[in-house]
Amino acid sequence: MSATSVALFIFTLGLACGSSIADVINVPGDHPTIQAAVDVAADGDTILVAPGTYFAGQKADEVVNLLGKSIRLESTDGPQATIIDGENSHRGLLGNSGEGLDTVVAGFTFTNCRTADGAGGRFTDASPTIRNCVFIDNNGQGLHLVNSSAIIENCIFQGNDAPYGGGLQAIESNPVIDFCEFIDNTALISGGGCHFTFCGGTITNTIFDRNRVQ
């Protein structure tokens with residue numbers, strides 16, 4: 001083998017060993033549920049979810065657990081057409097395994113979710129990016145953040161209720177909230193729209209309207 005051939009072989013082998021191609025996983029085309037797609041996804045993959053209403057499995061506490069993966073979970077047709085329904089007994093979305101900003105959830109409506117805290121979604125020690133989502137009519141906050149620097153963009157929180165922070169509650173967190181709307185959320189004790197405890201972060205370009213404490 002010539003020196004040129006050896007060099008080409010080594011270069012090609014290096015490409016094969018040092019790089020990987022991200023997959024696009026379709027729901028329900030490739031997997032029937034969002035969670036099944038997350039289960040098989042690898043870091044860097046994109047999960048595209050077709051219009052429809054998606055529910056939790058019989059033994060699951062939440063409809064979707066992100067499992068600490070750096071993935072993009074996106075609907076193809078936006079939140080009006082792509083519903084995550086907690087059936088009044090499940091959390092919608094969970095991230096508690098160190099998810100970072102490169103974990104992106106975009107284009108879903110979370111509704112009829114119910115837990116003691118974080119019914120629509122809960123992020124503990126996790127900071128994903130949540131974009132273009134609607135959290136509506138959930139019992140136990142639209143979102144609950146603990147030790148989180150999540151980015152929340154272009155989201156609507158409407159008609160959610162909880163003891164603290166009907167729309168969103170954050171504890172020891174530094175969220176970035178931009179171009180969001182908090183409308184008609186209710187708290188039993190404090191913070192109809194949002195409730196923050198030992199928090200930093202920013203809220204910009206955001207509307208608060210008709211939120212209340214009972």
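How many helices and strands does the secondary structure of the protein come to? The count is 2 helices and 24 strands, where helices (H or I, at least four residues) and strands (E, at least two) are DSSP runs numbered from the N terminus.

## What you're looking at

This is a predicted model, so local features need pLDDT of at least 70, side-chain atom pairs count only at pLDDT 80 or more, and totals for chains, interfaces and linings use all residues. Residues are numbered from 1 along each chain as its sequence is written, and side-chain values use heavy atoms, with hydrogens and water left out.

## Overall picture

The C-alpha trace spans about 80 × 35 × 30 Å along its principal axes. Of the protein's 214 residues, 47% count as buried (under 20% relative accessible area; exposed is over 50%, partly exposed is in between, with a 1.4 Å probe and protein chains only). Take the contacts between residues at least 6 apart in sequence: 70% of them join residues at least 24 apart. Contact here means heavy atoms within 4.5 Å.

## Phe on Phe

Searching the whole structure turns up 5 aromatic pairs. Rings of Phe, Tyr and Trp (its six-membered ring) pair if their centres lie within 6.5 Å; planes under 30 degrees apart count as stacked, over 60 as edge-to-face and the rest as tilted. Phe110 and Phe135 make a stacked pair, because their ring centres are 4.9 Å apart and their planes sit at 5°. That pair links distant parts of the chain, with Phe110 in strand β9 (residues 109–111) and Phe135 in strand β12 (residues 134–136), 25 residues apart. Both Phe110 and Phe135 are buried.

Phe182 and Phe208 are stacked too, with ring centres 4.9 Å apart and planes at 5°. Here Phe182 belongs to strand β19 (residues 181–183) and Phe208 to strand β23 (residues 207–209), 26 residues apart. Phe182 is buried at 0% relative accessibility, while Phe208 is partly exposed at 41%. Ring pairs tie Phe108, Phe110, Phe135, Phe157, Phe182 and Phe208 into a cluster.

## Strands around β20

Two strands pair if DSSP finds at least two bridges between them. Strand β20 (residues 186–190) pairs in the parallel sense with strand β16 (residues 161–164) over 3 bridges; Thr186 in β20 is the bridge partner of Asp161. Strand β20 also runs parallel to strand β24 (residues 212–213), joined by 2 bridges, and Ala187 stands opposite Val213 in β24.
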